[in-house]
Amino acid sequence: MKQRIIFTVIMSFFLSSLMTLWVTYLNLGNTPHFINMWGHAFIMAWPAAGVISFFTSPLAQRITMNILK
């Protein structure tokens with residue numbers, strides 16, 4: 001369980017930071033407020049990504065194992 005929680009925190013951090021960075025850039029471009037807007041989007045997305053990752057990762061692992069059989 002400890003490994004699953006640590007993995008979820010790290011993976012959700014990477015995914016939410018990169019996805020919010022990309023989507024914020026697509027929506028705003030390189031504006032003076034880009035970093036502030038991206039930071040706000042990241043702060044809002046990371047907790048959601050963590051919860052979603054925690055609860056859906058077992059399903060994703062089962063689907064992966066079924067595909068690889």
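Q: What places Ser17 in helix 1?
A: Ser17 lies in helix 1, where helices (H or I, at least four residues) are DSSP runs numbered from the N terminus. The model is predicted, so local features need pLDDT of at least 70 and side-chain atom pairs count only at pLDDT 80 or more, while totals for chains, interfaces and linings use all residues. Residues are numbered from 1 along each chain as its sequence is written, and side-chain values use heavy atoms, with hydrogens and water left out.

Q: Why does Ser17 count as buried?
A: Buried means under 20% relative accessible area, exposed means over 50%, and partly exposed is in between (1.4 Å probe, protein chains only). Ser17 has 12% relative accessibility, so Ser17 counts as buried.

Q: Which residues does Ser17 touch, not counting residues up to four places away in sequence?
A: Ser17 touches Ser12, Trp38 and Phe42; contact means heavy atoms within 4.5 Å.

Q: Why is Thr24 called buried?
A: Thr24, found in helix 1 (residues 2-28), has a relative accessible area of 8%, and is therefore buried.

Q: What does the side chain of Thr24 reach at 2.6 Å?
A: The side chain of Thr24 reaches the backbone oxygen of Thr20 at that distance. A polar contact is a pair of N or O atoms within 3.5 Å; within protein, one must be able to donate a hydrogen and the other to accept it, and residues adjacent in sequence count only if both atoms are side-chain atoms.

Q: Which residues does Thr24 touch, not counting residues up to four places away in sequence?
A: Thr24 touches Gly29, Phe34, Met37, Trp38 and Ala41.

Q: Why are helix 1 and helix 2 called oblique to each other?
A: The two helices pack at an angle of about 140°, with their axes 7 Å apart. Axes are lines fitted to C-alpha atoms, for helices over the stretch in contact, and angles run from 0 to 180 degrees between N-to-C directions. Angles under 35 degrees count as roughly parallel, over 145 as roughly antiparallel, 65 to 115 as roughly perpendicular and the rest as oblique. Helix 1 and helix 2 are therefore oblique.

Q: How do the residues of the contact of helix 1 with helix 2 divide, and what makes a residue nonpolar, polar or charged?
A: They divide into 17 nonpolar, nine polar and one charged. Ala, Val, Leu, Ile, Met, Phe, Trp, Tyr, Cys and Pro count as nonpolar, Asp, Glu, Lys and Arg as charged, and the others, Gly among them, as polar.

Q: Why does Phe14 count as partly exposed?
A: Phe14 is found in helix 1. Phe14 has 46% relative accessibility, so Phe14 counts as partly exposed. The C-alpha atoms of Phe14 and Thr24, ten residues apart along the chain, are separated by 15 Å.

Q: Why is Ala48 called partly exposed?
A: Ala48 is in helix 2. Its relative accessible area is 38%, so Ala48 is partly exposed.

Q: Why does Asn36 count as exposed?
A: Asn36 is found in helix 2 (residues 34-68). Asn36 has 58% relative accessibility, so Asn36 counts as exposed.

Q: Why is Asn30 called exposed?
A: Asn30 sits in the loop between helix 1 and helix 2. Asn30 has a relative accessible area of 70%, and is therefore exposed. Asn30 and Ala48 are 18 residues apart in sequence and 26 Å apart in space, C-alpha to C-alpha.
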